[in-house]
Amino acid sequence: GQHASTDDFYVDHRDFHRALLSRCANRVLTEQIEQLTDRSRLFQLLGATPARRGDHRREHDELAELVISGDVGGAVEALTEHLMLTLEVIQRLTDG
């Protein structure tokens with residue numbers, strides 16, 4: 001369903017990505033992802049984030065299905081695409 005607020009969305013979004021990384025043994029990687037998540041939230045709080053392309057709910061559902069089914073390659077591909085689309089938004093913000 002829909003989120004009641006931007007804050008609710010942010011909490012759910014962060015929790016989803018934390019769950020995806022919960023079994024990752026690479027603490028440096030998980031810390032870097034946490035830092036990037038915090039930075040993207042800062043853009044939101046400053047009001048600079050344009051409407052993000054894509055559909056987070058659909059992307060997250062697809063990722064969850066791939067992880068649950070054990071399709072590591074598909075999950076890596078879907079997560080990479082998801083993160084690259086977010087990176088494109090951040091790049092547009094910092095280029096202007």
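The structure is a predicted model, in which local features need pLDDT of at least 70 and side-chain atom pairs count only at pLDDT 80 or more, while totals for chains, interfaces and linings use all residues. Residues are numbered from 1 along each chain as its sequence is written, and side-chain values use heavy atoms, with hydrogens and water left out.

We may start with helix 1. Helices here are DSSP runs of H or I with at least four residues, numbered from the N terminus. Helix 1 contains 16 residues and reaches 23 Å from its first C-alpha to its last, close to the 22 Å expected at 1.5 Å a residue; the expected span is 1.5 Å times one less than the number of residues. Its buried residues are Tyr-10, His-13, Arg-14, Phe-16, His-17 and Leu-21. These residues cover an arc of only 155° around the axis, which puts them on the same side of helix 1. The arc is taken over the directions from the helix axis to the C-beta atoms. As for burial, a residue is buried under 20% relative accessible area, exposed over 50% and partly exposed in between, with a 1.4 Å probe and protein chains only.

On the buried side are His-56, Glu-59, His-60, Leu-63 and Leu-66. Seen down the axis, these buried residues fall within an arc of 130°, so they line one face of helix 3. The face turned away from that side carries the exposed residues Glu-65, Ile-68 and Ser-69. The buried residues of helix 3 pack against helix 1 (6–21) and helix 4, where contact means heavy atoms within 4.5 Å. After helix 3 comes Gly-70, with a positive phi near 85°.

Now for the core. The largest nonpolar core has five residues, namely Phe-16, Leu-63, Leu-66, Ala-75 and Ala-78. Helix 3 and helix 4 each supply at least two residues of this core. A nonpolar core is a set of buried Ala, Val, Leu, Ile, Met, Phe, Trp, Tyr and Cys residues joined through side-chain atoms within 4.5 Å. In soluble globular proteins, nonpolar side chains tend to be buried together. Ala-75 lies in helix 4 and, at 11% relative accessibility, counts as buried. Leaving aside residues up to four places away in sequence, Ala-75 touches Leu-63, Leu-66 and Val-67. The C-alpha atoms of Ala-75 and Leu-20 are separated by 9.9 Å, although the two residues are 55 residues apart along the chain.

A polar pair also joins the picture. His-82 sits in helix 4 (residues 72–95) and is buried, with a relative accessible area of 2%. The side chain of His-82 makes a polar contact with the side chain of Glu-59 at 2.2 Å. A polar contact is a pair of N or O atoms within 3.5 Å; within protein, one must be able to donate a hydrogen and the other to accept it, and residues adjacent in sequence count only if both atoms are side-chain atoms.

Finally, the charged side chains. The structure holds four salt bridges, each being a side-chain nitrogen of Lys or Arg within 4 Å of a carboxyl oxygen of Asp or Glu. Glu-34 and Arg-14 meet in one of them, at 2.2 Å from N to O. Glu-34 lies in helix 2 and Arg-14 in helix 1, so this pair ties together parts that are 20 residues apart in sequence. Arg-14 is buried, with a relative accessible area of 13%, whereas Glu-34 is partly exposed at 24%. Glu-34 also forms a salt bridge with Arg-18, the closest N and O atoms being 2.9 Å apart. Arg-14, Arg-18, Glu-34 and Asp-38 are linked in a network of salt bridges. Within helix 3, Arg-58 and Glu-62 form a salt bridge at 3.7 Å, N to O, and these residues are four residues apart, about one turn of the helix.
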